[in-house]
Amino acid sequence: MRVGRYIQAFGSRLSAMIMPNIGAFIAWGLMTALFIPSGWIPNETLAQLVSPMLRYMLPLLIGYTAGSNVAGLRGGVTGAIATMGVIVGSDVPMFLGAMVIGPAAGYLIKWFDDNVGQRVSAGFEMLVNNFSLGIIGLLCAIAGFFAVGPVMKSLTDMFQSGVEFLLNRGLMPLLSVFVEPGKVLFLNNAINHGIMTPLGLEQSRELGKSIVFLLETNPGPGLGVLLAYSFFGDGTARKTAPGAAVIHFFGGIHEIYFPYILMKPLLIIATIAGSASAIAYYAATGSGLVSAASPGSVISLMAMSPKGGLIPVLTGVIVGATVSFLVACLFIKTKSRNSFNEAIEQNKRIKKPRKVVFVCEAGMGSSAMGATNFRERLKSKDIIVTNSAINAIPADFDIIVCQSVFYERIKERTSSSEPEIVVIERFLSDPVLDALAERLTDNPTQQSNAVPVLRSDMIVVSAKDDDKDAAIMRAGRLLVEGGYVNEGYIVGMLEREKTASTCIGMGIAVPHGTPESREHILHTGIAIIQYPEGVDFEDEKVYLLVGIAAQGEEHLDILTALSRAFSDEATLEKILAAKDKQFIYNILSDKLR
């Protein structure tokens, strides 16, 4: 898990160098698609802009952005100076070189400012600041000219040769095995803008178009999965999939379909198959785009298609969607898994929240959509709702809303108490967002419960049951014997499990009754059963089962308390390995009061 976070963080840094400059890439792409001799409306005069923009403007923008991400304005200027060295030191556009020398120059100027700049005598600050930037920038430019430029030229040639090798041997579809899982792990921006865009621009410079621009941005594979959910899914997944498909296909927000894959991980096979089929078609027809298509919508693909290449590009989208849809239909059952509890497991309450920020990798796609939708839903002038990239979260927000894949990275950047981190599964129609909206608008007060939520006699260790129904019935029987519910609640627990699995991951399940069965609840309480050998819950093993019976809004409070206890991996391991129920009671009782 820690390695995954490091990979995500590295990918985020790569994409952060490119994402702010996407408009410039689009400008160059449109210039190329329109005015070069083979463009839509050839213009010899305007076509003169194409080569300088590619060789100088785009790398300098990347170098400036990379440096400023490290050390602000001074880092940006130093990064741009250094990038000029790698540009002149090579005869190919230095996108990769700018992504190396830019942040390196930023770190050097930051080191100087932190260790030397603070000791400058009063009155000499401007002199030292200007000369230090100039000298460090010059040294970095020289290093870029003699070292970084030639090395990155060799690497660019190697990467280009690799792409050509795969293309000439019909092996390009194999890249889908790496691209599609990487996207679902929220590395899509890093893959597209950190890797594909630099390689594609070099190929486009030579050939006028590049298939590399189509490897990650094709919306077809994701569309196929969403359509399969729309026709054959169930519950919340089926209701939200059509809207997600429209946003994904026309808005280019690929992140919106990732949770649908995570609900049923085998669906990654569908997107791999769809992507591989589309890439095979593109390779066979010699298709490509003139520049990066961002966001990855059908509209962007159409805008970046070369003259005479529009129909093959759109056909590849259809191929990817069709194959993905057919494969996904094999895995999506009538009863799709609903991850209400998985999404809610990390939530906690705070008093009178006033500022909410939705967070995603780049802060431009899914988070912007989620913030806009939630802002309109609240219709409150007292609560600020905005969005942010994960690396630029403001410090003054009360609530951070994110998907579970980003939780650990955000937690590392915030204090232990504030802000509140609300973990969701989808940015639209998510039960956790429903509960959050209700809390922010109504702010209901918690009701006290005279009966203890947990007693030691409600805990069983070293249990063994044949299947999940038997395990759920055992938890229900404990609640009945403990005086928390009537017999009818057990039926509600079994019915709830038929609707959607209550497994929340980490080897934990939290079965509870349907809304209709709440009439059988006498007091709020839980029953805990430990299964050392595990119980099968669909495709997952459950080692700790927590049966919940809650009145009113106390269901959310219990999940919040449990999430605080289980989020500590060391504590959870001790609970799973405990031989004494009193040990488990001592850990959890204080958190559930």
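Residue E497 lies in helix α18 (helices are DSSP runs of H or I of at least four residues and strands are runs of E of at least two, numbered from the N terminus). The model is predicted, and local features need pLDDT of at least 70 and side-chain atom pairs pLDDT 80 or more, whereas totals for chains, interfaces and linings use all residues. Residues are numbered from 1 along each chain as its sequence is written, and side-chain values use heavy atoms, with hydrogens and water left out.

E497 is buried, at a relative accessible area of 3% (buried means under 20% relative accessible area, exposed over 50% and partly exposed in between, with a 1.4 Å probe and protein chains only). Apart from neighbours within four places in sequence, E497 is in contact with K468, I472, T502, P511 and F537 (contact means heavy atoms within 4.5 Å).

Helix α18 covers residues 488-499, and its 12 residues should span 16 Å at 1.5 Å a residue (the expected span is 1.5 Å times one less than the number of residues). The end C-alpha atoms of α18 are 17 Å apart, which agrees. Buried residues in α18 are Y489, I490, G492, M493, R496 and E497. These cover an arc of only 160 degrees around the axis, so they sit on the same side of α18 (the arc is that of the directions from the helix axis to the C-beta atoms). The face turned away from this buried side carries the exposed residues V491 and K498.

G365 is placed in the loop between β1 (355-360) and α14 (366-378). G365 is buried, with a relative accessible area of 15%. Residues up to four places away in sequence not counted, G365 touches I253 and C360. The C-alpha atoms of G365 and P295 are separated by 8.3 Å, with the two residues 70 residues apart along the chain.
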